Amino acid sequence: MRVRHKSWAKPYIESHPELIVTNPEEWVGKWDSRFPKQQPLNLEIGIGKGQFIIEMAKKHPEINFIGIELQESVIAVALRKLVDEQLTNVQLVETDGALVNTLFKPNEIDKMYLNFSDPWPKKRHAKRRLTSSAFLGSYKDVLKDGHQLEFKTDNRGLFEYSLISLNQFGTNFEYVSLDLHNSPEQEDNVETEYEAKFSQNGPIYKIVINFKT
Ligand code: SAM
């Protein structure tokens, strides 16, 4: 997803250092200190405009959330929502999810989310998919043993690729849905922006795994 450059984004981000980090390497080993309460830490990569992470944080005040997003003009929109909501259990990080295992200690994360990740349909771009093996290796490093990674997409190609990639990497499949919105789990589902926009066009796929140890 590419969005138009927003000239207000950079100064807005710079004016909210209490909610967003742009120098994540300086916070390695100190993420807990950015939250008022020491509680489990969940991580979403590719938060987009932040609807999911903000709704999750409202629903789960007993969890701290970190949301990573690569694009400045996108994360600035998420930050604006976060400022409006005045939540203390969400921190945003403007960075590349590929760096996740350099930013967090082994076993620091309690749960991870990937929602509607860019599909990168061309074969030569497969390594950029957030469920490719190099990314999975980083997630395994930072996620506590036996803890879950949840993945949702509307893209059949990315869903099939991810099933194969996860299986080849070595994961236990806890849940797979070919049509989340018509399954009992929909009751607890927190929608993302993409999901709200595209779920009329076809099924939403969901995978929940833990990594084999
Ligand atoms: N998760 C949101 C949703 O479901 O509405 C946004 C989905 S959008 C298709 C994918 C988002 O992932 C984009 O905002 C993109 O900038 C971000 N993204 C892609 N690759 C990333 C990476 N390596 N690290 C962090 N964010 C990434």
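Predicted model: local features only at pLDDT ≥ 70, side-chain atom pairs only at ≥ 80, totals over all residues.
Helices in this talk are DSSP runs of H or I covering at least four residues, and they are numbered from the N terminus. Phe 198, for example, lies in helix H7.

I begin with the overall form. The chain contains seven helices and eight strands. Its radius of gyration is 16 Å, close to the 17 Å that the globule rule gives for 213 residues, so the chain is as compact as a globular protein of that length. The C-alpha trace spans about 40 × 40 × 40 Å along its principal axes. Of the 213 residues, 36% are buried. As for contacts between residues at least 6 apart in sequence, 78% of them join residues at least 24 apart.

I turn to the sheet. In what order do the eight strands lie? They form an open sheet that runs S1-S4-S3-S2-S5-S6-S8-S7, and the pairing is mixed. At the edges are strand S1, residues 20–21, and strand S7, residues 171–177, each of which pairs on one side only.

Five of the five residues of S2 are buried. Which residues lie on each face of S2? Leu 41, Leu 43 and Ile 45 are on one side, Asn 42 and Glu 44 are on the other, and all of them are buried, which leaves both faces covered.

Helix H2, residues 51–59, is one of the elements that pack against S2. The buried residues of H2 are Gln 51, Phe 52, Ile 53, Ile 54 and Ala 57. Besides S2, which comprises residues 41–45, these buried residues pack against S3, H3, strand S4 (90–94), strand S5 (109–115) and H7.

Next, the nonpolar core. The largest such core has 44 residues, and those with the most contacts inside it are Leu 79 and Leu 92. Which helix gives the most to this core? Helix H3, residues 72–85, does, with seven residues. Leaving aside residues up to four places away in sequence, Leu 92 touches Leu 19, Ile 20, Gly 67, Ile 75, Ala 78, Leu 79 and Leu 82.

The ligand comes next. How many residues surround the ligand? There are 21, and the closest are Gly 46, Gly 48, Gly 97, Phe 116 and Thr 192. H7 accounts for the largest share, with three residues.

Phe 116 is placed in the loop between S5 and helix H5 (133–142). Is this residue buried or exposed? Phe 116 has 22 other C-beta atoms within 10 Å, and the threshold for burial is 20 or more, so it is buried.

Asn 107 also has a positive phi, of about 65°, although it is not a glycine. Asn 107 is found in the loop between helix H4 (100–103) and S5. With 12 C-beta neighbours inside 10 Å, Asn 107 counts as exposed, because the limit for that class is 12 or fewer.

Two further residues complete the account. Ser 15 lies in the loop between helix H1 (9–14) and S1, and with 12 other C-beta atoms within 10 Å this residue is exposed. Ser 15 and Phe 116 are 101 residues apart in sequence, and their C-alpha atoms are 29 Å apart in space. Phe 198, with which I opened, has 15 other C-beta atoms within 10 Å and is partly exposed. Between the C-alpha atoms of Phe 198 and Glu 108 the separation is 33 Å, the two residues being 90 apart along the chain.

Technical notes. Residues numbered from 1 in each chain as written. Core = buried A, V, L, I, M, F, W, Y, C linked by C-beta atoms within 7 Å. Helix = DSSP H or I, 4+ residues; strand = E, 2+ residues; numbered from the N terminus. Contact = placed C-beta atoms within 7 Å. Near = placed C-beta within 6 Å. Rg over C-alpha atoms; globule rule 2.2 N^0.38 Å. Pairing = 2+ DSSP bridges.
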